[in-house]
Amino acid sequence: MSETERYRVNEIFASVQGEGYWTGTAAVFVRFAMCNLRCPFCDTDFDAYTEMTVDEILAEVNRYAPHTIILTGGEPALQVDERLIDALHAAGKRIHIETNGTRPLPSGIDWVTLSPKAAPTVLERIDELKVVYEGQDLTQYDCYICPNRFLQPCSNQNIQETFEAVLTNPQWRLSLQTHKLIGVR
């Protein structure tokens, strides 16, 4: 993107990471509005966005205290580029991304969470594998080399079923959407 090009940003807000490895950690979420998949359980409004420059994103992110920035969506890999990553790093931020793995990522991202919806992934590095569990065969994820594996109930609706799947597949850990359970964003 050039300096005049804009990113479609759904929202930017501070909260705690409610899922996976970093649960409970303060972070600023930059939710991007586009996606190449349309998962029925997705909580992003793809039609609501503000077009923002890198400088505008930085100004908004810097309003909040946390240094961890979580790039999410939709699918952030459709828009995130090295220019944005470099600007966030220059501002002293640690960058996490939550991706479906269908698009390559720019270099410099500090933590990659893969939530695969279609296989195979194009990612070279995965720090955390987070799967929305709907009763599927978990052996399909054996191809991903990642020590941090999380099963997450679909919209916190099938917690007992997911709990039982973790009991019978101990390489996985249970990840509840704690932000939804405690009523925060």
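**Sheet and cavity in a predicted model**

Good morning. The pLDDT is the predictor's confidence in each residue, from 0 to 100. Across the protein the average is 90, and 88% of the residues score at least 70. Helices (H or I, at least four residues) and strands (E, at least two) are DSSP runs, numbered from the N terminus.

A word on conventions. Residues are numbered from 1 along each chain as its sequence is written, and side-chain values use heavy atoms, with hydrogens and water left out. Local features need pLDDT of at least 70 and side-chain atom pairs count only at pLDDT 80 or more, whereas totals for chains, interfaces and linings use all residues.

I turn to the sheet. It is open, with nine strands in the order β3-β1-β2-β4-β5-β6-β7-β8-β9 and mixed pairing; two strands pair if DSSP finds at least two bridges between them. Because β3 and β9 (173–174) stand at the edges with a single partner strand each, one side of each has no neighbour in the sheet. Helix α3 (residues 159–168) packs on the sheet and touches β7, β8 (149–153) and β9, contact being heavy atoms within 4.5 Å. The direction of α3 makes about 155 degrees with that of β8; axes are lines fitted to C-alpha atoms, for helices over the stretch in contact, and angles run from 0 to 180 degrees between N-to-C directions.

Strand β1 (residues 7–16) runs antiparallel to β3 (residues 50–52), joined by three bridges. Here R8 has E51 as its bridge partner, and V9 stands opposite T50. With β2 (residues 26–32), β1 pairs in the antiparallel sense over seven bridges; E11 is partnered by R31.

How many cavities of 30 Å³ or more are there? The count is one. A cavity is a set of points, on a 1 Å grid over the protein atoms alone, where a 1.4 Å probe fits but cannot get out; lining residues have an atom within 4 Å of a point. About 60 Å³ of space lies in the largest cavity, a volume being the space filled by probe spheres set on the points, which are joined across faces, edges and corners. Its lining includes W22, H96, W111 and E128. Strands β5 (94–99), β6 (111–114) and β7 (128–133) each supply at least two lining residues.

Conventions. 1 Å grid on protein atoms, 1.4 Å probe; cavity = no way out; pocket = protein on both sides within 12 Å on 5 of 7 lines; lining within 4 Å.
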